[in-house]
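Biologist: Please take a close look at one part for me: the place where the two chains touch. Keep it plain.

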Amino acid sequence: MAAKILAILEQRDGLLKRSAFETVQQASQLAKDLSLEAEAVVVGGDVENINEISNYGIAKIVHLKNSDLSNYSSSGYTSAVSDYAKETDADYLIFSNTALGKDLAPRVSIRLSAGCIIDCIKLDSSSGELVATRPVYAGKALVDVKLNSAKKVITIRPNVFKAVPLDTPLNPEIEVKEISSPDLKTKVIEVKKSEGKIDVAEADIIVSGGRGMKGPENFHLVEELADVLGAAVGASRAVVDAGWRSHGEQVGQTGKTVSPSLYIACGISGAIQHLAGMSSSKYIVAINKDKDAPIFNIADYGIAGDIFEVLPVLTEEIKKIK
Amino acid sequence: MKIAVCVSHVPDTATRVKVGSDAKAIDPAGITYVINPYDEYAVEEALKTKEKFGDDSEVVVISLGGDSSKETIRKALAMGVDSGVLLKDDNPRDSIGVAKALAEEIKAVGAELVFFGKQSVDYDNSITGQLTAELLNYSCISVVVDFKINGSKITAEREIEGGREVVQTELPAIITCQKGLNEPRYASLKGIMSAKKKTIEEKPAADSEQMSEVIKMHMPQPKQPGRIIGEDSSAVQELVKLLREEAKVI
């Protein structure tokens, strides 16, 4: 029997997240490269779009089901996933490096005596063994890492590996396994959502503001541009420390490291801690009146002008084409 | 109650990183090391919890690393932590190796509540707290921005994508701390003076087999500087055109 890889997928409110499909696709790729058998594993109550998994390359889907596991439970999910991995003698487990994945993957790795590599941005198995690349020092450097343990747990950074549906979807084969009396020693009693906001860690486009915005009262200019682009609002450390914006929006070494398709830096000079957190964005636009600001060294397109004059015009121009 | 806080001695975030000659780690020359920024929130929360529980509770700071880690332990002692333990190891080890040594020490100390920073800013692993919790069979809440304890019951809020989860659990537990949880206090002069008299127990870190291996450290592909397309809003049309037609991102 071939060795096994399990893609552990995240659902919220009964819907699989986009990052789950990225995980499926990478598991399917590793299965091909390393001659493994791939299975997708979903923990939770009812999951509406579970059939979609097969569009991304894995037909065999296992649903570890209990309505008490609809919300995340660190203890409950750890037991459910570890027990299933032991039962199937899985060699590889792959998670998305989300808030849930980062919490769950290490706990599972201890249960399985597996080594663990988190936040991978590149997976290479051309040599016959898995070598993962991950950023360190918030992306100022990268390391290539391998695991010497028999069992292996990895997490992949969301938004880096794009999920592309297959031309011909596979026929899904879904097995439901009821989890009786889950371990709810640790449980989520409420989820407080930030109303209507897109999180910087998950966004495909980010519009970020820095000290050049001159005050919290001017951030509506950043928000308006983000709105027309369907983008998340980000912030530099300086403005978070000054209390203008919440820490959840901070991009950089003591905030979030992001890799969107487009990053628009407004009034951000580009301190090294900030650049570390966003320089792997696919395209970077900088608007800053100081043309010598370090942000222009990594920006694809720059406007060295007054943010208060440029931003409203940019928002209007984009409105026209949307 | 016995409370522990685990801290890490790391390069300051303003550091420009260079790969060392062995191509496995950074070149340490000229780097300033500091207490890991997230660990300051952990120390603060440990001290606040001690204050809440009163005189019969105690906070111990634990760090794994070389001799220089004592500076970071002293920093925590100066903030008000009672005593320190240095688990000595001059060699790099993976997170699981670190967690195993920390778990042994936490057991030896008898701490029921342990605070960690949510991640160290060197290897950015963000998993040491969770690994340690699992090794000790403790509950764990990671990336915490609000923490309340009542007897042995804990209610905490953790940051997730687009919001927060309110989580309940019970002692014994490990909490990993995120920016926003509190405002770390400054060490007072008196604190700094008394830290010099507090003991730091030194012992070798428990041996552990390394499960992961760094093959190579390298620098990311430098991003090519682009072009400044204008100096006022007259450049906006050109910018939008480039984003649509060249970058194809909008």
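Modeller: The contact between the chains takes 67 residues from chain B and 79 residues from chain A. Two residues are in contact if their C-beta atoms, placed from the backbone, lie within 7 Å. This is a predicted model: local features need pLDDT of at least 70, side-chain atom pairs count only at pLDDT 80 or more, and totals for chains, interfaces and linings use all residues. Residues are numbered from 1 along each chain as its sequence is written, while chains are lettered from A and ligands numbered from 1 in the order in which they are written.

On chain B, the elements giving two or more residues to this side include β9 (163-170) and α6 (236-246). Helices (H or I, at least four residues) and strands (E, at least two) are DSSP runs, numbered from the N terminus.

Take the strands. Strand β13 (residues 187-193) of chain A pairs with β9(B) in the antiparallel sense, over six bridges. Strands pair if DSSP finds at least two bridges between them. One bridge joins A:Lys187 to B:Gln168.

Now the helices. The axes of helix α8 (residues 307-321) of chain A and α6(B) come within 9 Å and cross at roughly 50°. Axes are lines fitted to C-alpha atoms, for helices over the stretch in contact, and angles run from 0 to 180 degrees between N-to-C directions. α8(A) and α6(B) are therefore oblique to each other. Angles under 35 degrees count as roughly parallel, over 145 as roughly antiparallel, 65 to 115 as roughly perpendicular and the rest as oblique. Among the residues that meet here are A:Val310 and A:Leu314 in α8(A), and B:Val236 and B:Val240 in α6(B).
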